[in-house]
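The sequence and the model are shown first, and the description follows.

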Amino acid sequence: EKQLGNQQFSTVLQQIANNHKATPAQVLVQWNIQLGNAIVSTSTTKDRVHQLVEALSFELTTKESQQITEMGSRLHIRNSQRNERLMKAYLEHFNGKAEW
């Protein structure tokens, strides 16, 4: 399976966002909500909190949600060694062992 770069993923997110008159961040919030994930904002900025709430004003189609999931699984992100150590610790904690 071909890996994707950040720009390709961003382009797809922007297209989906345009379909809903939303931002890519709002699309990802809605995608997570539809997957049943809890969303916790640490922002205290009124505009950002308002944007988060606006993400509840639309729903992604099944096709859009599947597209984000599929593309996200093929997204290639360069990690620093620090990020790799954090991810390994996370996997060890939640999965019992890390396969890195």
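## A residue in helix α2

The model described here is predicted. Within it, Q30 lies in helix α2. Is Q30 buried or exposed? Its relative accessible area is 4%, and Q30 counts as buried because this value falls under the 20% cut-off.

The side chain of Q30 has a polar atom 2.6 Å from the backbone oxygen of A55. Apart from neighbours within four places in sequence, the residues in contact with Q30 are A55, L56, F58, E59 and L60.

## Helix α2 and what follows

Q30 is one of the buried residues of α2, which also include Q26, V27, V29 and W31. After α2 comes G36, a residue with a positive phi near 90°.

## Overall architecture

The protein contains 5 helices and 0 strands. Read from the N terminus, the order of its elements is α-α-α-α-α.

The protein has 100 residues, of which 21% count as buried. When contacts between residues at least 6 apart in sequence are considered, 66% of them join residues at least 24 apart.

## The largest nonpolar core

Which residues make up the largest nonpolar core? There are 12 in all: F9, V12, L13, I16, A17, A22, V27, W31, F58, L60, I68 and M71. At least two residues of this core come from each of α1 (6–20), α2 and α4 (62–73). The largest share belongs to α1, with 5 residues.

Two of the buried residues of α2, V27 and W31, are also members of this core. F58 and L60, which belong to the core as well, are among the residues in contact with Q30.

## The largest pocket

The volume of the largest pocket is about 170 Å³. The lining consists of T23, A25, Q26, V29, I39, V40, S41, S43, R48, Q51 and L52.

Q26 and V29, which are found in the lining, are among the buried residues of α2.

Key. Residues are numbered from 1 along each chain as its sequence is written. This is a predicted model: local features need pLDDT of at least 70, side-chain atom pairs count only at pLDDT 80 or more; totals for chains, interfaces and linings use all residues. Side-chain values use heavy atoms; hydrogens and water are left out. On a 1 Å grid over the protein atoms alone, a cavity is a set of points where a 1.4 Å probe fits but cannot get out, and a pocket is an open set with protein on both sides within 12 Å along at least five of seven lines; lining residues have an atom within 4 Å of a point. Grid points are joined across faces, edges and corners, and a volume is the space filled by probe spheres set on the points. Helices (H or I, at least four residues) and strands (E, at least two) are DSSP runs, numbered from the N terminus. Buried means under 20% relative accessible area, exposed over 50%, partly exposed in between (1.4 Å probe, protein chains only). A polar contact is a pair of N or O atoms within 3.5 Å; within protein, one must be able to donate a hydrogen and the other to accept it, and residues adjacent in sequence count only if both atoms are side-chain atoms. Contact means heavy atoms within 4.5 Å. A nonpolar core is a set of buried Ala, Val, Leu, Ile, Met, Phe, Trp, Tyr and Cys residues joined through side-chain atoms within 4.5 Å.
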